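Have a look at it first, then read on.

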Amino acid sequence: MTPAHFSFSSAFILGLMGLAFHRTHLLSALLCLEGMMLSLFIALALWALQFESTGFSTAPMLLLAFSACEASTGLALLVATVRTHGTNRLQSLNLLQC
């Protein structure tokens, strides 16, 4: 495993562990998701550069577009949650009250 592959896989694993173990605030969960998507984007872009094929070059841009959509949706949900509940703590959200 090259150092670049190790750093991208460890960045993804750290983002996944942060998402799994530190679920106190919605904003921290969104930041962990963005870190995971950024490491996936860089790994996919380097993978496309390794194969030197034009067919693989659209995949990182598509992933980046979906990542931007995910970020905007997450921030919209964060704003809506803070306006309705007054906090972004995940323990205060209850699906049974919706």
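## Ground rules

A residue is called buried under 20% relative accessible area, exposed over 50% and partly exposed in between, using a 1.4 Å probe and protein chains only. Helices (H or I, at least four residues) and strands (E, at least two) are DSSP runs, numbered from the N terminus.

Bear in mind that this is a predicted model, with local features needing pLDDT of at least 70, side-chain atom pairs counting only at pLDDT 80 or more, and totals for chains, interfaces and linings using all residues. Residues are numbered from 1 along each chain as its sequence is written, and side-chain values use heavy atoms, with hydrogens and water left out.

H1 runs over residues 3-21, 19 residues in total. From first C-alpha to last it reaches 26 Å, close to the expected 27 Å (1.5 Å times one less than the number of residues).

Which residues of H1 are buried? They are Phe8, Gly15 and Gly18. These cover an arc of only 90 degrees around the axis, so they sit on the same side of H1; the arc is taken from the directions from the helix axis to the C-beta atoms. That buried set packs against H2, with contact meaning heavy atoms within 4.5 Å. On the face turned away from the buried side, H1 carries the exposed residues Pro3, Phe6 and Phe21.

## Ser39 in H2

Over in H2 you'll find Ser39, which counts as buried because its relative accessibility is 5%. Leaving aside residues up to four places away in sequence, Ser39 touches Phe8, Ala11 and Phe12. Its side chain also reaches the backbone oxygen of Met36, at 2.8 Å.

## An aromatic pair

Searching the whole structure turns up one aromatic pair. It's Trp47 with Phe51, edge-to-face, at 5.2 Å centre to centre and 85 degrees between the planes. For the cut-offs: rings of Phe, Tyr and Trp (its six-membered ring) pair if their centres lie within 6.5 Å, and planes under 30 degrees apart are stacked, over 60 edge-to-face and the rest tilted.

Both residues belong to H2 (residues 26-51), four residues apart, or about one turn of the helix. Trp47 is partly exposed because its relative accessibility is 35%, and Phe51 is partly exposed at 47%.

## What the record says

An unreviewed UniProt entry lists residues 6-22, 29-49 and 61-82 under "transmembrane region"; positions follow the numbering used here, feature names are shortened, and annotations may be inferred rather than shown by experiment. In the model, residues 6-22 are 94% helix and 0% strand, with end C-alpha atoms 23 Å apart. Residues 61-82 are 100% helix and 0% strand, and their end C-alpha atoms lie 31 Å apart.

Notes. A polar contact is a pair of N or O atoms within 3.5 Å; within protein, one must be able to donate a hydrogen and the other to accept it, and residues adjacent in sequence count only if both atoms are side-chain atoms.
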